[in-house]
Amino acid sequence: MRIIKKVEEYRNFLDESKKMQTGFVPTMGALHEGHLSLVRKSKIENELTVVSIFINPRQFNDRTDYEKYPRNTEHDLTLLEENDCDIVFLPETEDIYKGYNGFEMDFKGLDSIYEGKYRPGHFQGVVDIVYRLFDIVKPDNAYFGKKDFQQLAIIKLMVQQANLPINIIPCEIIREPSGLAMSSRNQRLTDEQKEIASNIYKTMLKIKESVKVGESCDKWINFFEKEINNFAFLKCEYAAFCDPETLKPIYFFEENQGIQLCVAVWCDKIRLIDNIFLQL
Ligand code: AMP
């Protein structure tokens, strides 16, 4: 496993490796099984697997969240080595943003709903770094978790608008046995809080199993909020039903409809997101 820290070093390496089909997994580190499932998928589907670890300050709308974001590069490198990762790219903020102001895209409103509404500037920050990383790594395939459902939709849109020759590969959400979606931020929860936070998924499952054609989505949004807010530590920020492709809000359940339920819930001071697919 080779570790590359400088953009220039990566550019030189690219000259040597150009012919290899490359899979890329961008991360912010504090790696867990969710990240590693992406790495393993890339290993199967490509000749070369590149993982980047970079905590991108531009995508944090909350300074405390940035400062307290878990950092453990040594452990991350051990996990990547164990999973046969080929290249780890570990850039520094100054180097990666040098001479680059960001990528201007038309979000078509996707940056101001759901996550975008509560995290102003977040998606512009995500697009800025992913575009830049794509330009350096030049992957054939890039792997993103469905855990960040809206991010995935926005990255697909970015690739389309920038006309990049990169396949965006969506990957399933990896969960704890309790159902809690794995997340680097879970490290900041106590064991008790993790157990309680598993009710986010359990409540979404209840909804998945109960919704009926003709019902209003509002009814189930209220149900989710009420159930969640009854648990210690938990506070629902939003729950929304939307089209899985366009992310447009859905108001009523119709026959044969596929719907994504996306939620954000605070567990004490930690903000957690999750989503689930419903087939009517
Ligand atoms: P992050 O380090 O949080 O920026 O995540 C890096 C990538 O891993 C993103 O594409 C995430 O969607 C993905 N990811 C994070 N958690 C999970 C999970 N529990 N299951 C699957 N993918 C995940």
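Tutor: Happy to! Let's start with F134, which is buried at a relative accessible area of 3% (buried means under 20%, exposed over 50% and partly exposed in between, with a 1.4 Å probe and protein chains only). Its ring and that of F144 make an edge-to-face pair, because their centres are 6.3 Å apart and their planes stand at 75°. Here, Phe, Tyr and Trp rings (the six-membered one for Trp) pair if their centres lie within 6.5 Å; planes under 30 degrees apart are stacked, over 60 edge-to-face, and the rest tilted. Since F134 sits in helix 7 and F144 in strand 5 (residues 141–145), the pair ties together parts 10 residues apart in sequence. Helices (H or I, at least four residues) and strands (E, at least two) are DSSP runs numbered from the N terminus. F144 is buried, as F134 is.

A word on the basis: this is a predicted model, where local features need pLDDT of at least 70 and side-chain atom pairs 80 or more, while totals for chains, interfaces and linings use all residues. Residues are numbered from 1 along each chain as its sequence is written, and side-chain values use heavy atoms, leaving out hydrogens and water.

The pairing rule gives 13 aromatic pairs. F134 also pairs edge-to-face with F24, at 6.2 Å centre to centre and 70° between planes. Elsewhere, ring pairs join Y10, F13 and F89 into a cluster.
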